[in-house]
Amino acid sequence: MRISSKLFTNMFGHDLQLKGFSIRSEKKILPFIFKDTMGLAPEALAGSQTEDIINAVFGHVTDGYKFNERQALTYKDQQYTCDPKLSDQCFCLVYVIPSDIFQYIDDRLIDKLKIIRQRISDKGIPKVIVMTKVDEACPLVQNDLRKMYTSKKIKEKMELCSATLGVPLTNIFPVKNYHNEVNTDDDIDVLILKALEQIVQLADDRLEDTDSY
């Protein structure tokens with residue numbers, strides 16, 4: 001395993017495009033794709049629009065679409081797909097939330113997340129929270145990452161995320177970000193790979209159940 005910044009090269013631009021990212025194992029590309037969107041913001045006309053996120057999950061938004069903070073994509077737009085193929089659709093929605101500041105997140109942003117959750121829940125799409133920066137949220141974990149699941153503070157933050165966003169605790173995965181590390185670290189990798197494994201499994205389960213929706 002190696003550290004790669006490919007996913008993040010376009011994350012902080014003002015006009016972030018919807019783009020899919022694949023994962024390579026040796027010389028093979030694994031049979032799933034992650035799609036990255038512009039982040040949400042509390043203000044009504046800032047960040048990505050909730051309708052754009054929902055439509056992206058349902059496969060209505062083509063890759064390369066530039067998120068517009070002031071206007072969501074509509075069915076009249078060229079980059080709107082009215083009849084998406086199965087391969088265009090997403091089967092798991094992942095929230096990436098920093099654990100060290102979650103309790104301070106604006107209620108308006110929480111309301112947006114709840115709207116998205118409700119709309120995609122109607123289609124049986126599972127939700128996952130990847131709770132980042134756990135080392136910055138808990139001194140115990142900062143000193144020893146292996147104490148993650150014995151940390152009372154991390155458990156409280158997971159429970160707060162679950163209660164606030166309606167995501168079951170079993171679908172919340174605390175991880176440590178790679179920040180200034182040059183080489184990979186097994187303790188960091190185990191947490192990231194566990195989250196990845198569960199995300200892929202949840203998506204696969206929903207894909208198998210497509211006929212029910």
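# A chat about salt bridges and surroundings

Visitor: Let's start with Gln 17: what is its relative accessible area?
Guide: The figure for Gln 17 is 30%, so Gln 17 is partly exposed. Keep in mind that this is a predicted model.

Visitor: Where is Gln 17 found?
Guide: Gln 17 sits in the segment before strand S1, which covers 19-25.

Visitor: And how far is Gln 17 from Gln 201 in space?
Guide: From C-alpha to C-alpha, Gln 17 and Gln 201 are 26 Å apart, and in sequence they are separated by 184 residues.

Visitor: Let's switch to charges. How many salt bridges are found in the whole structure?
Guide: A search of the whole structure turns up five. One of them pairs Lys 35 with Asp 63, with 3.1 Å between the closest N and O atoms.

Visitor: Which parts does the pair of Lys 35 and Asp 63 tie together?
Guide: Lys 35 belongs to strand S2 (residues 28-36), while Asp 63 is in the loop between helix H1 (50-57) and strand S3 (93-98), so the pair links parts that are 28 residues apart in sequence.

Visitor: How accessible are Lys 35 and Asp 63?
Guide: Lys 35 is partly exposed at 31% relative accessibility. Asp 63 is partly exposed too, at 44%.

Visitor: What about Arg 119, which residue does it form a salt bridge with?
Guide: That would be Glu 51, and the closest N and O atoms are 2.6 Å apart. Arg 119 lies in helix H2 (residues 107-121) and Glu 51 in helix H1, so this pair ties together parts that are 68 residues apart in sequence. Arg 119 counts as partly exposed, with 34% relative accessibility, and Glu 51 is also partly exposed, with 31%.

Visitor: Which residue meets Asp 187 in a salt bridge?
Guide: The side chain of Asp 187 meets that of Arg 146, at 3.0 Å from N to O. Asp 187 is in helix H6 (residues 186-208) and Arg 146 is in the loop between helix H4 (139-143) and helix H5 (152-165), so parts that are 41 residues apart in sequence are tied together.

Visitor: Is Arg 146 buried or exposed?
Guide: Arg 146 is exposed, with a relative accessible area of 66%.

Visitor: Which residues form the negative surface patch?
Guide: The patch is made of Asp 204, Asp 205, Glu 208, Asp 209 and Asp 211. Asp 211 lies in the segment after H6 and is exposed, with 81% relative accessible area.

Visitor: New topic: is His 60 buried or exposed?
Guide: At 14% relative accessibility, His 60 is buried, because buried means under 20%. You will find His 60 in the loop between H1 and S3.

Visitor: What is His 60 in contact with, leaving aside neighbours within four places in sequence?
Guide: With those neighbours left out, His 60 is in contact with Asn 55, Leu 73, Gln 79, Tyr 80, Thr 81, Cys 82 and Pro 84.

Visitor: One more residue, Gln 49. Where is its place?
Guide: Gln 49 is in the loop between S2 and H1. With 16% relative accessibility, Gln 49 counts as buried.

Visitor: Which residues is Gln 49 in contact with, again leaving aside neighbours within four places in sequence?
Guide: For Gln 49, the contacts beyond those neighbours are Ala 44, Asn 68, Glu 69, Arg 70, Gln 71 and Ala 72.

Note on methods. Residues numbered from 1 in each chain as written. Predicted model: local features only at pLDDT ≥ 70, side-chain atom pairs only at ≥ 80, totals over all residues. Heavy atoms only, no water. Salt bridge = Lys/Arg side-chain N within 4 Å of Asp/Glu carboxyl O. Helix = DSSP H or I, 4+ residues; strand = E, 2+ residues; numbered from the N terminus. Buried < 20%, exposed > 50% of the residue type's maximum accessible area, 1.4 Å probe, protein only. Patch = residues over 30% accessible without salt bridge, like charges linked within 9 Å, V, L, I, M, F, W, Y side chains within 5 Å. Areas by Shrake-Rupley, 256 points an atom, 1.4 Å probe, with all protein chains shown as cover. Lys, Arg positive; Asp, Glu negative; His and termini not counted. Charge placed at Lys NZ, Arg CZ, Asp CG, Glu CD. Contact = heavy atoms within 4.5 Å.
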